[in-house]
Amino acid sequence: MGGFLLVTIQVDMHDRLALTLQDDLTSMVVRHRARGVLIDISALEMVDSFIGRMLGTIASMATLLDAITVVVGMQPSVAITLVELGLPLKGIRTALDVEKGMAALQTALAENEDGGDEAHQQ
Amino acid sequence: MKLISSESVPVRTPEDIVAVRQAVRRKAVKLGFGLVDQTKVVTASSELARNTLDYGGGGIVQLEIVESERSKSGLRLIFEDRGPGIPDIDLALSDGYTTGAGMGLGLGGAKRLSHEFEIWSKPGEGTRVSILRWK
Amino acid sequence: MSGPKSKLAEILAKREGDITSAWLELQAKDLKALSASEQMDTARKSRQFMDALKSASREGNLEDIAAVHWNPVRELLSDLSAGRAKAGYSPVETASFVFSLKQALFNILREEIANDPAALADAVWQTTLFIDKLGLFTMEAFQKTREDVISRQQQELLELSTPVVRLWENVLALPLIGTLDSSRTQIVMQNLLDAIVATRSDYAIIDITGVPVVDTLVAQHLLKTVAAARLMGADCMISGIRPQIAQTIIHLGVDLTGVITKATLADAFALAIRRSGFAVTKGGKEAKETNEEKRSAAGAI
């Protein structure tokens with residue numbers, strides 16, 4: 001209850017799989033009443049506009065459900081390509097890795113709740 | 001420009017887009033592209049393959065390894081479909097323009113990720129997009 | 001065609017020694033400034049070249065120097081050109097190796113076919129075409145080496161000019177010197193992002209004190225770099241914005257909203273330190289006194 005969800009994307013997803021993930025994740029946020037979502041994309045060798053849009057949609061839907069999303073572990077080559085593609089993922093929180101992402105989530109939630117103590121479970 | 005090798009991959013299903021990305025990655029690695037250049041050309045191929053599937057109703061990609069007169073090697077990707085075609089190419093190239101569910105970055109983004117970009121389209125006949133990235 | 005060809009091959013076989021010594025003399029005249037060891041080296045290479053030339057011309061065709069049996073000749077020439085290009089010889093000095101052979105060959109041809117003007121003219125023409133081809137080949141090899149050197153230097157310059165320095169345990173700085181074009185931006189981004197991963201830094205400061213002009217394109221490259229760093233989870237600031245650069249940025253209508261900008265690297269660094277929860281306090285007299293107190297207290301025990 002009120003914990004964090006950690007999702008690690010491990011495979012080169014085709015588009016339907018990405019949409020399934022988007023749906024599953026949204027229902028998970030509701031079911032577990034999660035306050036934070038960490039999406040680890042360190043295994044992704046490429047993020048195109050479709051996956052970029054999926055990440056944005058997850059973040060917006062999570063916000064509606066009162067959860068904060070942090071995308072972590074983007075590879076440098078992926079970041080450079082996204083910027084060149086014209087998709088800097090504005091509005092999505094990012095962190096270097098899971099550990100930093102977790103810290104960012106805690107800080108953000110503490111700010112939201114004015115210093116509330118967050119139990120975190122995975 | 002000299003054609004060194006050529007291979008074609010069909011684009012009929014969303015899974016094929018993944019296959020295109022993987023085939024493009026293999027070629028880029030074989031050509032000795034750096035990691036950033038690999039990622040750029042793979043990402044461009046993913047955008048264009050999705051266009052071919054979503055707007056062109058499917059088609060094929062031609063993966064070509066080419067060599068310039070100055071013996072520089074490059075990867076050329078030609079996406080071809082027999083779909084409805086694009087009535088206004090300039091409009092389709094502008095960011096944010098989309099008729100589908102995407103972000104409207106496909107064509108413009110792929111162009112920015114490539115060194116050379118060519119597009120041919122005729123309403124009712126189909127679309128052919130060719131991109132080239134030098135090593 | 002077999003006439004002049006076999007004539008040259010024949011002369012090469014018969015008068016190799018004479019040709020070589022005449023050639024060496026001509027080369028010495030062309031390259032006066034050579035040291036003794038360089039002269040010996042040239043002489044050695046000339047002899048190797050004559051050997052290769054002799055056996056290749058026996059095989060046949062003077063017209064197609066790209067043919068397989070000319071391989072040893074071409075290899076010798078490209079080695080020589082590459083060596084001379086690297087050693088700083090001028091193109092003329094490099095080409096003289098082959099072109100001085102022309103005169104040596106002409107002299108011997110004249111002696112050998114003195115009684116048949118038509119045959120002599122033929123042989124001279126064939127030899128001219130042949131040597132010119134070798135000369136062009138030499139220049140091409142020379143040029144290629146120079147281009148390789150230039151592109152390697154460009155690469156080195158790019159890498160040298162974009163250092164990423166660590167200012168604090170989670171703060172990186174990237175002092176940019178010179179202008180930013182798209183290929184340099186890519187290297188800058190790569191260096192910065194790799195450094196962010198390696199040092200797990202939270203803050204990156206791009207200092208543009210050394211960037212002479214910021215036009216829309218340079219600004220775009222800067223913004224891309226900031227955006228890429230942000231995707232890696234690092235906060236990126238731009239420092240070193242001189243008054244005239246601030247003016248051009250405003251004048252061009254470049255949108256820097258959402259990017260933290262500071263006049264100096266020191267200001268940006270201070271902000272990064274503060275945001276990461278550190279406080280900077282002045283040491284000085286007070287700090288010294290505290291230390292002394294501690295020391296005397298320790299002494300008392």
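1. Asp12(A), Asp15(A), Asp48(A), Arg21(B) and Arg50(B) are joined in a network of salt bridges, a salt bridge being a side-chain nitrogen of Lys or Arg within 4 Å of a carboxyl oxygen of Asp or Glu. Over all chains, the structure holds 27 salt bridges.

2. This is a predicted model, in which local features need pLDDT of at least 70 and side-chain atom pairs count only at pLDDT 80 or more, while totals for chains, interfaces and linings use all residues. Residues are numbered from 1 along each chain as its sequence is written, chains are lettered from A in the order in which they are written, and side-chain values use heavy atoms, with hydrogens and water left out.

3. Lys100(A) forms a salt bridge with Asp202(C), with 2.8 Å between the closest N and O atoms. This pair crosses between chains, from helix α4 of chain A to the loop between α7 and β3 of chain C. Lys100(A) is buried at 19% relative accessible area, whereas Asp202(C) is partly exposed at 24% (buried means under 20%, exposed over 50%, partly exposed in between, with a 1.4 Å probe and protein chains only).

4. Within chain C, Arg15(C) pairs with Asp18(C) in a salt bridge whose closest N and O atoms are 2.7 Å apart; Arg15(C) is buried, at 15%, and Asp18(C) partly exposed, at 38%.

5. In chain B, the closest N and O atoms of the salt bridge between Lys2(B) and Glu67(B) are 3.7 Å apart. Lys2(B) lies in strand β1 and Glu67(B) in strand β2, so the bridge ties together parts 65 residues apart in sequence (strands are DSSP runs of E, at least two residues, and helices runs of H or I, at least four, numbered from the N terminus).
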